[in-house]
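Reader: I have the chains open on my screen and I'm new to this. Could you walk me through a few things?

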Amino acid sequence: MAQGLSEKIAEYCIRKRLHLVSAFLLLTAVLLIPSMRVDVKTVFADLLPMHHPFVQVHEQYKDSYGGANIVSIMVRATEGDIFRYGILKKIQGITRDLRTVSGVNEFQIVSIAARKIKVVTAGTHGIAATPLMWPDVPDSQAELDALRETVVSSPMVYGIFVSRDLSAALISVDFVDERMQCRIVCDEIYAILGTYSDASVDISIIGEPVLQGHVERFLPETLMLFFASIALFGFLLYVFFMRSWWGTAIPLFSVLLSTIWALGIASLLGIDASPLGIVIAFLISAQVISYSVQAINRFDIVHAGNVSIAGAAQRSLGSLFRPGMLSVVTDAGCKLVVALTPIVFLQKSSFIGSIWLLCIALTGVLLTPVLLSWLPHADTFNRQISFTHGIDYALSLCTTIALSGWRYVVLGATAMVLTVCIFLSSDLVVGDVHPGSPLLWPDSEYNQSVAEFNRLFPGTDRLFVVLEGVKKDALKEPHLLENILAFQRYVERRPEVGGSNSIADLIAAMKQVIYEGNPRYNEIGDDVLSNGELLYLYVQGSNPGDIDYYTDVEYRTAGITFFLRDHRGQTLKSVIARMKEYIRTHMPEGARYRLAGGIGGVTAAVNEVIYTSQLKIAVYALLIILVTATITYRTVVAAFYLMVPIVLSSIITYAFMATSGIGLNINTLPVVALGVGLGVNYSIYVFDFIKESYTEHGTLQAAIHDAVHHAGRGVVLAALPLVVCALPWYFLSSLKFLSDMALLIAIWISISAASALFIIPGLVFILKPDFILSSK
Amino acid sequence: MKRKSLHSIEWVLFIVCAAALLLAGGISGRYAAETAVSDALPEPVLEPRDRIYGVAVVDDGTVWMAGSNGKVVRCVHDGGCMVQQTGTVRHLQDIAAWDARRAVAVGNNGLVIVTRDGGASWKKVSTPRSEISNKLFKVHVYPGGRAWAVGEMGMILRSDTWGETWQRRSDERDLAWNDILFTDTLRGWVVGEFGSIMQTVDGGMTWCAVPSPVQSSLTAIAFKDRLHGVIAGLSGTILTTIDGGLSWHKVSGQVTQEHLLGLAWDGAEWFSVGTGGVLVRGDSSGRQWRADRLSAEELLWHSDIAVTGARKYIVGGTQGTWEKGRWKLMEYN
């Protein structure tokens, strides 16, 4: 892009400023209504990589073997065990009332009070499968004692639906994904539980819909923090830097406009927003502000040279057009590559981010100088505020470092920091790092409930594997059932696995029952016929669907459910690896294992996809910088200079995440990936200013001095308030995720700014690139 | 010259930087495609899914345990426990040992395995078989290399060769014998399904039925001397004799509803274990019995007891020791 073209565009924009602003306002008016209709909700299907084999297995079998949206309710007796009429009545009541919850899968409400939970008894009358505690709750002490004995002797109930110490019962409920809305589900379940809460029981509740419901409950608080941050930014900008209403209002106006445009376009394209996406909104607003502040700063500098207001606006637009567009296109490109990750949620985030960034090209780069051209007073920004002296002093220090021998010290220290951070970032975990949810604080009610569940039950997170037989009745074959048991045994050796169950366990338990409950017969039958008879005994008199949890009606496929103690990235990686290892060496004849469904399976799939995508994203982002910088400066070497801050901030961020126990997951990836371009404009502006200034002054020292003092001032003005604005999020957010991300963004911006002020000038002065020197 | 060299440095830095990133991306992609390799986990001594049916202790304190999936664990006195390589995945129902080196284990489908070297190697030996079913439940050993085993289809087996060879000592019938006991070389008893009891007085050459006061299955038998013995069974059945097993009497009252599966005399008291973590204790007269739990938290079943001194090894759904009135789960290393 030639310099002349930038100036022509600038001249055109200022000349036609009324048309331009009218067009912008018209566009805003058109997009205002759609922008307010953007749906803020969590769409589960969007969170899954649909092409991944695990997710395909999950989608195929989730209705039988349990989806990813299971909610678990624990009713724990505050004293003694649960075998008291009052407590059992509560369990029965909750089990019954859950049928009224929106989007519930009625066939997947399971507890000791559910009709489908049966015990098989053998007696003189023959063998009968009867519901454990349905339709009535026992009320006499003898009946309660008998129920306790029955539960303890039922391996499919004891430890799974009743805790081993008999103090708690589990009620599990699944939902139809398409019909479920987290907030509504969460509210309705809490309303039901409220009617059963009293001093005799502690009722706690966990599960993905509940977690998302909790997150959505914090939406008003999060929005308040968002607006408070923006307001704080305005305040800081006014009081400490600009001392001008215009100088403060214009960046905020740019944010408002680009937000309306981006949300309006997203709404028209049918893209909805996630509650946690607000952090991305903050991230992008930060970038809008950066561009606008840069433009005001440049205007201030030009205007200080006794140029008219309109002339200063035109010249600042002309000089910032090239680096501004380069920054916006690079930034938007970096965000667009996130769409390479085959997860709809990330693709949506990527599209919204890119659209928003492209809006900045109009609001931040074009509109800001145009609005400045209408300023009524000539000396608006020419005020002597003590704080700006401080900035000038700091910038002088930067210049001194860049032009003296200290530059080698700074670059050497940077190299050392980079080396250490590369080493540290190798510990970055894909997936969650801690048990419970990383979205909430460890002492939150939800995470405390998760810990309590794991203490009393085998594991909160389920993962199912499917064994698909080739022919009908395959699941009656002893060798397949033995293989399933060996598989369960092999995987259970991992300490992260609390237990498992399958049709093989069911058959073994049935055989024990028909041999008078003698545990020496807890084994599968010797042949197809005897296993068939054992299954027949279980299903006789049962309702359709009762055996679905274990197998299909043709006994061709079986679901093997594992209870995991958590869904940390390392847990899932280890468990999946162990499963694959078994399957590789023990694949049975006439059947095949397929991994893996349930919350554990789909989270593992997401982790795998993120793992394969994240470095791809980084590489493509760098390629985009390579292309855009090469086109702009007509040399590939320019790209190298711009890559330095990006590589540096990425690596330091990864190292920070690794050392702070923040995992790379579906929630953090958008922030990390979208942050790649964050602050790249700082370096581009300084870099471009050096080039421009060298043409004017003829010496590199003078050019660097000018660039650091002028473009660098814009960097400080944009970066410093943003870092301060991240603090309310860090200290006040009820969501740990937002607090973590605020800190991450603050670090990212700081590194980008430091790179622009210390490293870029130092590098340029050491390497003296041809394409700058030749521009003289 | 200087300018040229600086220009070269720029290019070298750029190429190295780009190549390193591309390489990192490539390696990472390949690594992820292969997924992680599972950490090698050594086979644990015992794991939650294990069911240990039989336990034996020899004089030097060596403990032998046998259970599901062909698992045999040998623990040395005040030392560690080790899983034995038995070469079978069939369930073992019981184990007995002559000493720290010689042991025999029996199990499903007529399985009998023996070791002569402290479990370093196990050998499968052949036994007489039924056409119908062949599960062996119990094995007991006696001095001189003698052993007795019982199981389904009326199976009573005898070995005089340290378990290397076996002969059938009963006719085939549709009844399972659950336990066998000899008080000397000639006098012995078997107990089994439907309250069945048989006695031999000629070293197992002939067996004759003894009247039983119950119909429920009997699972274990023990004698404290030549005259006084106890039989335990399902649904809390306890039978006693004071005349050397000529007549058996049901203990009055219902001590417990739980199935009783294992039984032992520790020199002072009778101990029986079974389902639901039950521990039934009887005084030396066999008249006073009381049921309790091994501990408030222990609710699983147990099928066998082995006594050594004041300590009792109890195995089943969980494994532990009972000593000085306290239940302690075994810790393995």
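Reader: How many disulfides does a search of the whole structure find over all chains?

Author: Before counting, note that this is a predicted model, where local features need pLDDT of at least 70, side-chain atom pairs count only at pLDDT 80 or more, and totals for chains, interfaces and linings use all residues. Residues are numbered from 1 along each chain as its sequence is written, chains are lettered from A and ligands numbered from 1 in the order in which they are written, and side-chain values use heavy atoms, with hydrogens and water left out. A disulfide here is a pair of cysteine sulfur atoms within 2.5 Å. Over all chains, the search turns up one.

Reader: Which residue does the disulfide join to B:C75, and what is its handedness?

Author: The two sulfurs sit 2.1 Å apart, and the partner of B:C75 is B:C81. The torsion about the S-S bond of B:C75 and B:C81 is about 110°, so this disulfide is right-handed.

Reader: Are B:C75 and B:C81 buried or exposed?

Author: Buried means under 20% relative accessible area, exposed over 50%, and partly exposed in between, using a 1.4 Å probe and protein chains only. B:C75 has 5%, and B:C81 has 9%. So B:C75 is buried, and B:C81 is also buried.

Reader: At what angle do the axes of helix 19 and helix 20 of chain A cross?

Author: Helices are DSSP runs of H or I with at least four residues, strands are E runs of at least two, and both are numbered from the N terminus. Axes are lines fitted to C-alpha atoms, for helices over the stretch in contact, with angles from 0 to 180 degrees between N-to-C directions. Helix 19 of chain A covers residues 569-586 and helix 20 of chain A covers residues 598-633. Their axes come within 10 Å and cross at roughly 100°.

Reader: Which residues of helix 19 of chain A make the contact?

Author: Contact means heavy atoms within 4.5 Å. On the helix 20 side of chain A you'll find A:G600, A:T603, A:A604, A:N607 and A:E608. Helix 19 of chain A brings A:G569, A:L572, A:I576 and A:K580.
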